[in-house]
Amino acid sequence: MKKLKLGYVMAINMFKGGVGKSTLTQLMADVLSAMGFKVLVIDVDPQGTVTKKFQRQYDLEVIGKMTLFDAVISMSFLGSITNIKENLDIVIGSEQMSRFTKVLRDMWRSTGFSDEGEEIFWNLFNYMINNDDLRSQYDFVLFDTIPTVSEFTDNVYVASDFLVIPTQTEQDSIDNLHSTVNNYRTAVKEVNSNLEILGIVPYLVDTRLKTGKELLIELQEEYGDMVYSNVVNDKGVVRRWGREGLDKSIPHSKKTYQMYVNIVVETLERLEKVTGEKLLN
Ligand SMILES: Nc1ncnc2c1ncn2[C@@H]1O[C@H](COP(=O)(O)OP(=O)(O)OP(=O)(O)O)[C@@H](O)[C@H]1O
Ligand SMILES: [Mg+2]
């Protein structure tokens, strides 16, 4: 029997701030939904960056809406799903998620700190996705994450099928990439043996600078096929989208948007390879 939806759960994650995780999540969601895939974005960041981006872009009304924090408290995403546009939904981020660790601990305490109860600590998002049967309702569930090793990341790693890792071609980012990949390897050993790195997206590559070029080559030498062949360049227009919303009438927007379309197409090609599923026409 044909599956109703693809049901891929994907995390955009990297242990460094400001490398473009939220922007990549927003644009991947936008492109995938425009291609006809049904997409849910889950905004894990207490700062709600990706939520704010969609707010600016689509005049998304968030006041009075149920958020990720409400979802966590009720242990279900279903009451906290807000529609953005055709094929695109979001679980809105919440400042209250800064209390996530405490909430998880309280849930664990309510089980008398039992061993089974401890599962909640690492497994809550996974439990919610399965219990809500989100995989049969969405082609893609995309987690926008925060750049730390924490209960947030652990929960996302347990719940996800695939990781997409954006990295800048700067020495600091490459160092953080190593910790991200090491943490992934530990996660595979200890909590989710099915988790796969779909790829590393070289981000904000300024190929005019020698260092950027050299580091991109180093990255390709070290990680081989894991590195996307498409890259995301540093484009001023992306910062303008951040302020004014994605508007294709802003000069250079179409070309810049195409850069993200290419990343999505390569993502689908990579998924086809891993899953054997036909995703592109
Ligand atoms: N391709 C790009 N060209 C130029 N600027 C970009 C590009 N992509 C993202 N930016 C800018 O870089 C900054 C950081 O991006 P973003 O918020 O997506 O990163 P992040 O990794 O999610 O950060 P955080 O770790 O704080 O969540 C933002 O100001 C964004 O507008
Ligand atoms: Mg972010």
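Reply:

**The largest pocket and its surroundings**

In this predicted model, the largest pocket holds about 450 Å³ of space. Its lining comprises 24 residues, and those closest to the pocket centre are Gly-18, Val-19, Gly-20, Lys-21 and Thr-23. Two or more lining residues come from each of α1 (21-34), α2 (49-58), β7 (196-205), β8 (232-233) and α9 (236-244). Sorted by class, the lining has ten polar, eight nonpolar and six charged residues.

Two of these lining elements, β7 and β8, also belong to an open sheet of eight strands, whose order is β3-β4-β2-β5-β1-β6-β7-β8 and whose pairing is mixed. The edges are formed by β3 (81-85) and β8; each has a single partner strand, so one side of each lacks a neighbour in the sheet. Between β7 and β8 the pairing is parallel and extends over two bridges, and Val-205 lies opposite Asn-233 of β8.

Helix α1, which contributes to the pocket lining, packs on the sheet as well: α1 touches β1 (8-12), β2 (39-43), β3, β4 (88-91), β5 (140-144), β6 (162-168) and β7, and its direction makes about 165° with that of β5. A further helix, α10 (residues 253-275), packs on the sheet through contacts with β1, β5, β6, β7 and β8, its direction making about 160° with that of β7.

As for annotation, an unreviewed UniProt entry places the feature "domain: AAA" at residues 9-197. Over residues 9-197 the chain is 46% helix and 17% strand, with the end C-alpha atoms 12 Å apart.

Notes. Residues numbered from 1 in each chain as written. Chains lettered and ligands numbered in written order. Predicted model: local features only at pLDDT ≥ 70, side-chain atom pairs only at ≥ 80, totals over all residues. Heavy atoms only, no water. 1 Å grid on protein atoms, 1.4 Å probe; cavity = no way out; pocket = protein on both sides within 12 Å on 5 of 7 lines; lining within 4 Å. Points joined across faces, edges and corners; volume = space filled by probe spheres on them. Helix = DSSP H or I, 4+ residues; strand = E, 2+ residues; numbered from the N terminus. Nonpolar A, V, L, I, M, F, W, Y, C, P; charged D, E, K, R; others polar. UniProt positions renumbered as here; feature names shortened; annotations may be inferred. Pairing = 2+ DSSP bridges. Contact = heavy atoms within 4.5 Å. Axes fitted to C-alpha atoms, helices over the stretch in contact; angles between N-to-C directions.
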